Amino acid sequence: MPRPSQLLHPQRTPAVPRPAATVLLLRDAPAGPEVLLTRRSASASFTPDVFVFPGGAIDAADHAAGSLATRRGGQDDAWLAPAVAAVREAFEELGVLLARHADGRWASAADVQALERRAPLLPQCAERGLVLATDQVFALAHWTTGPDQPRRFEVPFLVARMPAGQQPVADEAEQFEPVWIRPAEALERHAGGGFPLILPTRHTLQRLQPYASVDAVLAACAQGGPLWTSCPRGGWLGGREVRVMEHEPAYGELALVCPDGQLLHALDWRHDRPVQLLRHLQRLTCGNPGAMTGPGTNSYLVGDAASGFVVIDPGPPDLAHLERLFEAAGGDVRAIVCTHSHADHAPLARPLADRVERSGRPRPPVLGLASRPTARPASHFTPDRALADGERLVLQGDGGIAHTLRAIHTPGHAANHVCLVLEEDALLFSGDHILNGSTTVVDPPDGHMGDYLASLDKLAAACAEAGIAFILPAHGHVLGDAPGAIARLRQHRLAREAKVLQAMRAIPGGGPRDWVAIAYDDVPQRIWPVAERSMLAHVEHLREQGLA
């Protein structure tokens, strides 16, 4: 993790989340499953005047339900109190009772009418011989309020089938306007501006859309829910507050810059000035956005005014970008490292070194690995000095503060590819080997899929050894969960290779243009010409292994 001394903002302790629970009551309808939503009071202290699923805080009585709470085989005890709370809240807020008689009959509308909604539920159930049907309540998701919020909740989202014969009736105190609605319709109405929803509700509705029946939802959860967990983080985009979930590209960057969750970091892509990520780390994105470069090539500056700077991936031949790099470093560039020699990464290296020298400072060395004979003409490159595998570049600042970059040779995307680890902060600069938002092209003969996969394993080992949590790619925002990101990328590559093998076996006499339609049937056809290059790398890898 980054050194606390290098964080941009003073850290604070986030509020401790309060345990709560919510329940999605579902029913089947001709057009597909419907979910029960209700509007919160406009005077509520938390998320007022929005449509939500019923729920509330878990209290001590929920933990003491004892024999009144039923369990199914394999049901996790940790989810029992939330299930009790969800049943209780559904009754108090909407008059829906998930309970059964001793003979297995579900509580009826008459049973509900006989109970007092403002009185404690559990003693009333015991008196009438009812047990809570918590064995029919399943874990769907687990949400935690973002760390920037003053009031936070840790909330299991549970699902259950609406009991037959009962009708929801709002308490007209906390909840109003109960409505049965299909997830897709709720989202459409929200998009139209007349159906307010908060992020957890929206995302949950999105995740429910593919299910064709209530049974399908419950069966998925019964396999071992929750199906997802999330603690969204906040940032700024276009001058507006945004909430970002773990699967979204910007989540890792927010976790790096504001680990305590403060709402301070802007996610807008800037080409006119550097973005400060840590006190000693800047990212300057070149103005070369496109299909292959995403928002542009990221150049990184590691160092500070006392230590000078190492520039990683200076970028394409863009003189405006060169001047911005020079200015961001205050002209004090000690070394320039190219992760590889592709045309959007290395061409500016020597012009930047020239610019530093013209300013009267020592000329910084251009470091990296020389291109191989397999490189395309536009990628020919000879550094001033080759970086050895494991070599360290050390910047020494004031007060004993050092910034140490360790080189890791990672052929695959290009034969001369190298990644860097900033050791004091456990950060991985991945060049094009790992991207955020897409998978990198492996283009033979300079690209090699076997080497690429082996380099992924090498990076995974480096992450485990150094405790690396963040990856800084040459394209896209910072990635969090570095070990998980590498594992998912490797799994994706192997799954793609399996599809390539399937295509080759389906059309044994075919070629790349025949196979790409099968192997890349999940990507737009406009991408197929580029995909063919990576597919060829997979074909060669399969043949090297004797599998094709």
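Tutor: Leaving out residues up to four places away in sequence, R39 touches D49, V50, F51, E174, Q175, F176, E177 and P196, where contact means heavy atoms within 4.5 Å. The model is a predicted one, in which local features need pLDDT of at least 70 and side-chain atom pairs count only at pLDDT 80 or more, while totals for chains, interfaces and linings use all residues. Residues are numbered from 1 along each chain as its sequence is written, and side-chain values use heavy atoms, with hydrogens and water left out.

R39 belongs to strand β2, residues 34-40. Strands (E, at least two residues) and helices (H or I, at least four residues) are DSSP runs, numbered from the N terminus. With a relative accessible area of 15%, R39 is buried; buried means under 20% relative accessible area, exposed over 50%, and partly exposed in between, for a 1.4 Å probe and protein chains only. The side chain of R39 makes a polar contact with that of D49 at 3.0 Å, and another with the side chain of E177 at 3.3 Å. A polar contact is a pair of N or O atoms within 3.5 Å; within protein, one must be able to donate a hydrogen and the other to accept it, and residues adjacent in sequence count only if both atoms are side-chain atoms.

D49 is partly exposed, because its relative accessibility is 35%. Although D49 is not a glycine, its phi is positive, at about 60°. E172 also has a positive phi of about 60° without being a glycine, and is placed in the loop between β8 (153-161) and β9.

Strand β9 spans residues 175-181 and contains I181. I181 is buried, since its relative accessibility is 1%. Neighbours within four places aside, I181 is in contact with E34, V35, L37, A186, R189 and F195. Between I181 and R39 lie 142 residues of chain separation, and their C-alpha atoms are 13 Å apart.

We now turn to a sheet. Seven strands form an open sheet of mixed pairing, in the order β13-β14-β15-β16-β17-β18-β19; two strands pair if DSSP finds at least two bridges between them. Strands of a sheet pair through backbone hydrogen bonds, in a parallel or an antiparallel sense. Three bridges link β13 to β14 (residues 281-285) in the antiparallel sense, and V275 stands opposite R283 in β14. Helix α9 (residues 319-328) packs on this sheet, touching β14, β15 (298-304) and β16 (308-312), and its direction makes about 165° with that of β14. Helix α10 (residues 349-358) lies across β16, β17 (333-337) and β18 (366-368), at about 170° to β17. Axes are lines fitted to C-alpha atoms, for helices over the stretch in contact, and angles run from 0 to 180 degrees between N-to-C directions.

β14 pairs with β15 in the antiparallel sense over five bridges, with T285 opposite N298. β15 is also joined to β16 by five bridges, again running antiparallel, and L301 faces V311 there. A hairpin of three residues connects β15 to β16. In a regular strand the side chains alternate between the two faces of the sheet. On one side of β15 lie N298, Y300, V302 and D304, on the other S299, L301 and G303, and all are buried. Seven of the seven residues of β15 are buried, so this strand is largely enclosed by the rest of the structure.

Finally, consider a pair of helices. Helix α11 (residues 449-466) packs against helix α14 (residues 528-544) at about 90°, with the axes 8 Å apart. α11 is therefore roughly perpendicular to α14; angles of 65 to 115 degrees count as such, those under 35 as roughly parallel, those over 145 as roughly antiparallel and the rest as oblique. M449, G450 and L453 of α11 meet S534, A537, H538 and H541 of α14. By class, this contact has three nonpolar, four polar and no charged residues. Ala, Val, Leu, Ile, Met, Phe, Trp, Tyr, Cys and Pro count as nonpolar, Asp, Glu, Lys and Arg as charged, and the others, Gly among them, as polar. In the loop between β23 (427-431) and α11 one finds P445, which a cis peptide bond joins to P444, with omega at about 5°.
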